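Reader: I've got the sequence and the model open side by side. Can you walk me through what is worth a look?

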Amino acid sequence: MPKKELSEFFCKELIYDYVDKTLPEEKSKSFEAGLKKFPGVNSDLQKVKRAIDYCNQLEQVSFSPDFVRQVSGSWDIRRLLKAEWASWSPLYKWSLQALVLAAFLAGLYPYVFKDFLRSRAFKTTILAEAPSESLVKEPILENQTAEQSPAGNSVAANSIPPTPDERSSEIVAAVEPTKEAASSVNAAKTTGKGYVYRGYLSTATPELFSGQLVTFLNSNGAEKGGEVDLGWRRNDGFYFHFIYPENQYENLLAHLKSNGRVRIEKSEHKRVMPEGKIRIILIIESPLTKDESRNDENQPRSEATGPATQGEAAP
Amino acid sequence: MTESQVQTVATFFFYALMDEKSAATACKRTLAECRKATPKNSTLPEDKFLEVFVRASSEYYEKLQKKNAKGLAGLASPKGWIEKAPENLGPWKQFHRSTKKEELLFIIWNRVLKIPLPVISKALNMSEGTVSYRIGKALNKLGSMIHSDVSNA
């Protein structure tokens, strides 16, 4: 059977199949015949062979083990991130850094800054609480004659720390003169004003007396006023916040005086107590603690409050 | 991913992009695509990996072309992550500049990486004849550049 002759065009089309050895035998022989016949086909065949040899050389490329390790199955995420990070533009880097910082601060807020801000607010409240000369008038009682502050004036309001539930309250002290305290209570009732008695007792054995006072109060009809129990330990002292029968006030005063130095002041408060009841906040501390706390007091604040009277007083 | 698979992908992008930075990034992205197709705690069979790789690399290259990425035009000298490269890259650079995308990719897949025709045609959903024809044409073109490169030298 005579071989079918291929044209030059067909031969050129079959060059790659011939080199790749995918041509059928019969066609392969026809191609070889054409190869001898057409020089152009031979030239193209040489080109293809050169190209294939060249591609075989290209295969010889190899990459650094670091790179291969970086992107292969066992990724070293640290290196990868470092490489990626280095390739980012400064704008992206700064934006990401700012975002991370903001997220970090936002995460810290509930734990750190809230307390910090709260403590700042607390201090601010204390300053607001410090009454001006025209407002504070009545440190009600002390079992001795007036004890003067280093500045020459006793500032009872400053020596008595604010209670937990009083921090944010609006306190405008407006107290009647010492001897007319009882009538001022009645006046308050008629005017709808409330009052709170803030007291401070200095005794050598605060812990012991604190326990006794709890018993005394319970036996005289006192009721717990705040959230904490009577005699709650606060810093180095004991904290009493209670509702007390007004007619038993003198007894309480006598009891307190018999156990140490007492100072009580009465100040106006938004909470109005029922008739016959008074609200007292009392802190019992040892004299040492008291001295320390006094030293801690802010001097300008004391000056700002102006003179305050001291003496024995009744509600 | 095995090291040989990484080598395959890196080689492809090295020749396809001829730009160190773009090639490294493209390599990572394509490997990530291949990883997506890999079941957890196992490796892809070689033929399946090659199929996934051909498809992913083609798509990524196309995406780069649409973006007209600088890496495609730039012919930066290989350095850093390339440990050893062929000395005579002149004909390839010339071919890279002048040839069509399909021809370039087919040559790399089939003649450099030795990926079989059936795998390429299956991955790209083309007939084997078409792929073979394009490779033949591309080889012819590349061969003529090797000749001219040698004569110029």
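**A histidine, its strand and the chain contact**

Author: Let's start with a side-chain pair: H241(A) and R279(A) are joined by a polar contact of 2.9 Å. Keep in mind that this is a predicted model.

Reader: Which backbone nitrogen does the side chain of H241(A) reach?

Author: Besides its contact with the side chain of R279(A), the H241(A) side chain gets to a backbone atom at 3.3 Å. That atom is the nitrogen of G226(A).

Reader: Is H241(A) buried or exposed?

Author: The cut-off for buried is under 20% relative accessible area. H241(A) has 1% relative accessibility, so it counts as buried.

Reader: What is the bridge partner of H241(A) in strand 8 of chain A?

Author: Strand 8 of chain A covers residues 277–285 and pairs antiparallel with strand 6 of chain A over 8 bridges. Within that pairing, the partner of H241(A) is I281(A).

Reader: Which residue stands opposite K224(A) in strand 6 of chain A?

Author: Strand 4 of chain A, residues 223–224, runs antiparallel to strand 6 of chain A, with 2 bridges between them. Opposite K224(A) you'll find F242(A).

Reader: Which residue in the turn between strand 5 and strand 6 of chain A has a positive phi?

Author: Strand 5 of chain A (residues 232–234) pairs antiparallel with strand 6 of chain A over 3 bridges, and R233(A) sits opposite F238(A) there. The two strands make a hairpin with 2 residues between them. The turn residue with a phi of about 50 degrees is N235(A).

Reader: Over to the contact between the chains: how much area is buried between chain B and chain A?

Author: Chain B brings 42 residues to the contact and chain A brings 33. Carbon and sulfur atoms give 62% of the buried area. The total comes to about 3,200 Å².

Reader: Which residue of chain A forms a salt bridge with R111(B)?

Author: There are 2 salt bridges between the chains. In the one made by R111(B), the closest N and O atoms are 3.7 Å apart, and the cut-off is within 4 Å. The partner is D20(A).

Reader: How many residue pairs are in polar contact across the interface, and which helix of chain B gives the most to the side that touches chain A?

Author: For polar contacts, the rule finds 10 residue pairs, both at pLDDT 80 or more. On chain B's side, the elements giving two or more residues include helix 1, strand 1 and helix 8. The most, 11 residues, comes from helix 8 of chain B.

Note on methods: Residues numbered from 1 in each chain as written. Chains lettered and ligands numbered in written order. Predicted model: local features only at pLDDT ≥ 70, side-chain atom pairs only at ≥ 80, totals over all residues. Heavy atoms only, no water. Contact = heavy atoms within 4.5 Å. Buried area = accessible area lost by both parts, 1.4 Å probe. Salt bridge = Lys/Arg side-chain N within 4 Å of Asp/Glu carboxyl O. Polar contact = N/O pair within 3.5 Å; in protein donor to acceptor, adjacent residues only side chain to side chain. Helix = DSSP H or I, 4+ residues; strand = E, 2+ residues; numbered from the N terminus. Buried < 20%, exposed > 50% of the residue type's maximum accessible area, 1.4 Å probe, protein only. Pairing = 2+ DSSP bridges.
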